[in-house]
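Please look over the sequence and the model shown here before reading on. The paragraphs that follow go from the whole chain to its parts, and then to single residues.

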Amino acid sequence: MASITINNVWKYYGDTPAVKDLNLVCHDGEFVSILGPSGCGKSSTLRMLAGLEHISAGEVLFDETKVNDLPPKDRNLAMVFENYALYPHKTVYQNMANSLVIQKVDKATIDEKVKHAAELLELTPLLNRKPLELSGGQKQRTAIGRAIVREPALFLFDEPIAHLDAKLRAHMRSELKIMQRKLGTTMIYVTHDQLEALSMADRIAVMRDGVLQQMGTPKEIYNNPTNHWVAGFIGEPAMNFLDCNLGTVSGNTALEHSAFSIPLTSEQSQNLLGSGAEQSVTLGIRPDDVSISTNPSEKHSIEGEVLVTELLGGDMLVEAQIEGSRVTVKTDPSYEADMGDQCYLAFDSARWHLFDINTGSTLF
Ligand SMILES: Nc1ncnc2c1ncn2[C@@H]1O[C@H](COP(=O)(O)OP(=O)(O)OP(=O)(O)O)[C@@H](O)[C@H]1O
Ligand SMILES: [Mg+2]
């Protein structure tokens, strides 16, 4: 078991910083996902933890021990990459047993560990097959099995299921989560896929351009994004953003847009007063928090036109054009809409967010 502490860590490649002043704690037994777009510094961070990459500045602690200069083999961790690199001439069993054979562990112990891991990963019937005779998912599970038998204090996974097909990825997401819970091994899991991070991790570290944007539980990050960028990155379909002016309607602060004017609640007005917001703000609202009706009403007062509809299994997405902006709405598939139809939208003001239009930081 191990907790990981990253203190003010920087990674430079030449003069270019790839990881900038990263601070992050992963508790013992926790499943932390590092999430961000391509090139944001996820693998660089993981490779520094593994000892495969020099730490330019700052320190990494495993429990209380600084490991900056500890060679990879002494770090008691196992890493799984997207490219699983199995030995082609060895069976699943031999691939999984390999590291223990090298350590000269006795045969009976190896056998017990390999069979236990195989059971956990449902590989038992495949132990005598060679990689060429396996599907992508089975190869991936073998690579994970190889990591499990070593019983490390820490798993470092770098996009381990990125190349699998969508159905298998969904299956592996739950398998990996179950496996990690059963073993109780601390896990740092790198991905650019927000669905993976949201569905698997205890906590997510969201990175952009080498900078940690937010660290929190999936719910915290989804419900209370720290800024415009995180709000737009997390959630599928993405949050709607509408630039508004701040005005006044019967004494209350209101969001003024060419398609609507909606007063804030007094609590929201108070929050806004303390935030130093200027004349304009960005309103953010998730497609789940917009409702749509074919008829106008006091509630459904924002007039628009249906641009396109998209059926997604149990939900339907409607893209609506309101004056000056487009809004995506998630609704029930029973909603009857054709291209060009009039529609009326309502925003759930208890669920919306306002962002500083210049800095992007969340006002509330
Ligand atoms: N060995 C290297 N030499 C120089 N620059 C590098 C090296 N490795 C990574 N970089 C740069 O550092 C930045 C971060 O790279 P990193 O591999 O950590 O990103 P990532 O978040 O893992 O991206 P991806 O999702 O594409 O794997 C990128 O701009 C990359 O080009
Ligand atoms: Mg990477």
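Of the 364 residues of the protein chain, 34% count as buried, a residue being buried if 20 or more other C-beta atoms lie within 10 Å of its own, exposed if 12 or fewer, and partly exposed in between, with C-beta atoms placed from the backbone. The model is a predicted one, in which local features need pLDDT of at least 70 and side-chain atom pairs count only at pLDDT 80 or more, while totals for chains, interfaces and linings use all residues. Residues are numbered from 1 along each chain as its sequence is written, and chains are lettered from A and ligands numbered from 1 in the order in which they are written.

Along its principal axes, the C-alpha trace of the protein chain spans about 80 × 45 × 35 Å. Its secondary structure comes to nine helices and 20 strands, where helices (H or I, at least four residues) and strands (E, at least two) are DSSP runs numbered from the N terminus. Of the contacts in the protein chain with a separation of 6 or more, 64% are made by residues 24 or more positions apart; two residues are in contact if their C-beta atoms, placed from the backbone, lie within 7 Å.

The protein chain is divided into domain 1 (4-230) and domain 2 (240-356), with bounds that come from an automatic or database domain assignment. Taken over C-alpha atoms, the centres of domain 1 and domain 2 are separated by 40 Å. The loop between helix H8 (228-233) and strand S11 (240-249) contains Pro237, and the peptide bond from Glu236 to Pro237 is cis, with omega near -5°.

The largest nonpolar core has 89 residues, and those with the most contacts inside it are Leu156, Ile188, Ala205 and Leu345. Because domain 1 (4-230) and domain 2 (240-356) both give residues to this core, it lies between them. A nonpolar core is here a set of buried Ala, Val, Leu, Ile, Met, Phe, Trp, Tyr and Cys residues joined through C-beta atoms within 7 Å. Leaving aside residues up to four places away in sequence, Leu156 touches Leu46, Leu49, Ala50, Leu77, Met79 and Ile188.

Which residues lie around ligand 1? They are Tyr13, Ala18, Gly36, Ser38, Gly39, Cys40, Gly41, Lys42, Ser43, Ser44 and His192, a residue being near a molecule or strand if its C-beta atom, placed from the backbone, lies within 6 Å of it. Helix H1 (residues 42-50) gives the largest share of this shell, three residues.

Several strands can be followed through their pairings, two strands being paired if DSSP finds at least two bridges between them. Strand S16 (residues 302-312) and strand S17 (residues 315-322) run antiparallel and are joined by eight bridges, with Ala320 in S17 as the bridge partner of Val306. The hairpin of S16 and S17 has two residues between the strands, and Gly313 takes a positive phi near 55° there. S17 also pairs with strand S18 (residues 325-331), in the antiparallel sense and over seven bridges, and Leu317 stands opposite Lys330 in S18. These two strands, S17 and S18, form a hairpin with two residues between them, and Gly324 in the turn has a positive phi of about 85°.

Another antiparallel pairing, over four bridges, links S15 and strand S19 (residues 342-347), and here Ile292 stands opposite Leu345 in S19. Strand S15 (residues 290-293) has a covered face, Val290 and Ile292, and an uncovered one, Ser291 and Ser293.

Asn8, in strand S1 (residues 4-13), has a positive phi of about 45° although it is not a glycine; Asn8 counts as exposed because it has 11 C-beta neighbours inside 10 Å. Glu159, placed in the loop between S7 and H5, has a positive phi of about 45° although it is not a glycine, and with 19 other C-beta atoms within 10 Å Glu159 is partly exposed. Asp165 lies in the loop between strand S7 (154-158) and helix H5 (166-183) and is exposed, with 12 other C-beta atoms within 10 Å. Asp165 and Gly137 are 28 residues apart in sequence, and their C-alpha atoms are 8.9 Å apart in space.
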